[in-house]
Amino acid sequence: MALLNFTASDFRCLESVSLEVSPNYNLVFGANASGKTSLLEAISYLGRGKSMRGALTQNLVRHGREHFTLVGKAQTSSRVSTLGVQNGRDGLVVRIDGDNNRGTATLAEMLPLQAVDPEIHSLVAGGPDERRRYLDWTVFHVEHTYVDHWRRFRRALRQRNAALRAAAPPAAVRAWDQELLQSAADVTASRERAVEQLQLALLATSEELLGGEVALEYQSGWLKGKSLEESLAGSLERDRQHGTTHAGPHRADLRLVYNDRQARRLVSRGQQKLLACAMVFAAVEVVQSVIERPVLLLLDDPAAELDRESLQRLLEAVAGLGSQVIATALDPDIIQFPMAPALFHVEQGRLTPQA
Ligand SMILES: Nc1ncnc2c1ncn2[C@@H]1O[C@H](COP(=O)(O)OP(=O)(O)OP(=O)(O)O)[C@@H](O)[C@H]1O
Ligand SMILES: [Mg+2]
């Protein structure tokens, strides 16, 4: 079990909701604009300390209020912890078991979650940022040292970019290269290991969802066949002109190949959604096998854009993961889980458990 219970106050249209979460399947249903996405976004915020799709905090606080508050009990590997997040006019506060000085990385570690929403196809069809976040979520959970590698790299990159923007002489820019190269090598090695694991899991999930194999190829963020050191040297003049570092793991991407073709060129949105789901489920599988406890899977309107057969395949794949699931639907009969879910009706931002 991941999340035991949850309360939200003044988050989007939710004035005050609270729910006891089933360890297996939960289904929240209600009409358009009743608050289904708001509820999943609130739960996701508790596990990440940030919005699912980069919404501004001021748009997440209920109109006319100063901040929102989210609290939940989560079962971690050894005990039950109380997680709390507040954000609004006075900024973000993360509170874990009464300690106000914890960061969002601790939230993510305690409540590992993945979300599938109607925009999920952008994991396949959109820009590289989302694919990097996807990959980094996996690496974060499978390698404990990854956060440190990544922070070291970000710090070196920030310093180097500051030197570039200040039009510092080339030697002052290159002074950061050693730290940049070392941390970039650590980040890259961790990501490459995770891609190998993801690839194995993805062979099965993509076959299950799309009836074909998807290959993942990690693109390091600099010129193929060259080292990062060579690429940095080669792009120094351009970096100085633009005030930013063009080569490095912050520019990495995952190339997706489906039936020998670039997957993002798959014409159908439904197929893009299935492929994105196959990727998410592969990551969930990899992470669960390492942390040895279920990930929380949020499925916002999984039926959107899928025909009945595809939705069925998707729900079967979800069932195979053994994750804790919270799904939403306009009508509860559309979603068939292998066992009866805990049912909640949502109307005008109010939640009512159904017997
Ligand atoms: N900051 C906010 N304060 C108050 N209400 C908000 C805020 N942000 C969004 N809302 C409102 O919350 C309502 C519910 O939105 P939500 O996206 O949760 O609905 P939904 O049930 O997911 O609908 P759909 O079935 O169309 O996806 C909308 O009417 C929206 O305008
Ligand atoms: Mg919605």
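Analyst: Buried residues make up 41% of the 355 residues in the protein chain. Here a residue is buried if 20 or more other C-beta atoms lie within 10 Å of its own, exposed if 12 or fewer, and partly exposed in between, with the C-beta atoms placed from the backbone. Keep in mind that this is a predicted model: local features need pLDDT of at least 70, side-chain atom pairs count only at pLDDT 80 or more, and totals for chains, interfaces and linings use all residues. As for labels, residues are numbered from 1 along each chain as its sequence is written, while chains are lettered from A and ligands numbered from 1 in the order in which they are written.

The protein chain has 12 helices and 14 strands; these are DSSP runs numbered from the N terminus, with helices being H or I of at least four residues and strands E of at least two. The radius of gyration of the protein chain is 21 Å, close to the 20 Å that the globule rule gives for 355 residues, so it is as compact as a globular protein of that length. That radius is taken over C-alpha atoms, and the rule is 2.2 Å times the number of residues to the power 0.38. Along the principal axes, the C-alpha atoms fill a box of roughly 70 × 50 × 35 Å. Among contacts between residues at least 6 apart in sequence, 72% join residues at least 24 apart; a contact means that two C-beta atoms, placed from the backbone, lie within 7 Å.

Strand 3 covers residues 25–29, and five of its five residues are buried. Y25, L27 and F29 point one way, N26 and V28 point the other way, and all are buried. In a regular strand the side chains alternate between the two faces of the sheet.

Next come the partners of strand 3. Strands count as paired if DSSP finds at least two bridges between them. Strand 3 runs parallel to strand 12 (residues 324–329), with five bridges joining the two, and Y25 has V325 as its bridge partner there. Strand 3 also runs parallel to strand 13 (residues 342–347), this time through four bridges, and F29 stands opposite H345.

Where they meet, 17 residues of domain 1 are in contact with 19 residues of domain 2. On the domain 1 side, helix 3 (104–110) and helix 12 (308–321) are the elements giving two or more residues, and helix 12 gives the most, with five. By class, that side has 10 nonpolar, two polar and five charged residues. Nonpolar means Ala, Val, Leu, Ile, Met, Phe, Trp, Tyr, Cys and Pro, charged means Asp, Glu, Lys and Arg, and the others, Gly among them, count as polar.

Of the 15 residues around ligand 1, C13, N32, K36, T37 and S38 come nearest; being near means having a C-beta atom, placed from the backbone, within 6 Å. Helix 1 (residues 36–48) gives the most to this shell, with three residues. The shell has four nonpolar, eight polar and three charged residues.

Six bridges join strand 8 to strand 9 (residues 253–258), and Q219 stands opposite D253.

Finally, a few aspartates. D10 has a positive phi of about 55° although it is not a glycine; D10 lies in strand 1 (residues 3–11) and is buried, with 21 other C-beta atoms within 10 Å. D301 also has a positive phi, near 50°. It lies in the loop between strand 11 (296–299) and helix 12, and D301 is partly exposed, with 19 other C-beta atoms within 10 Å. D90, in the loop between strand 5 (80–88) and strand 6 (93–96), counts as exposed with 9 C-beta neighbours inside 10 Å.
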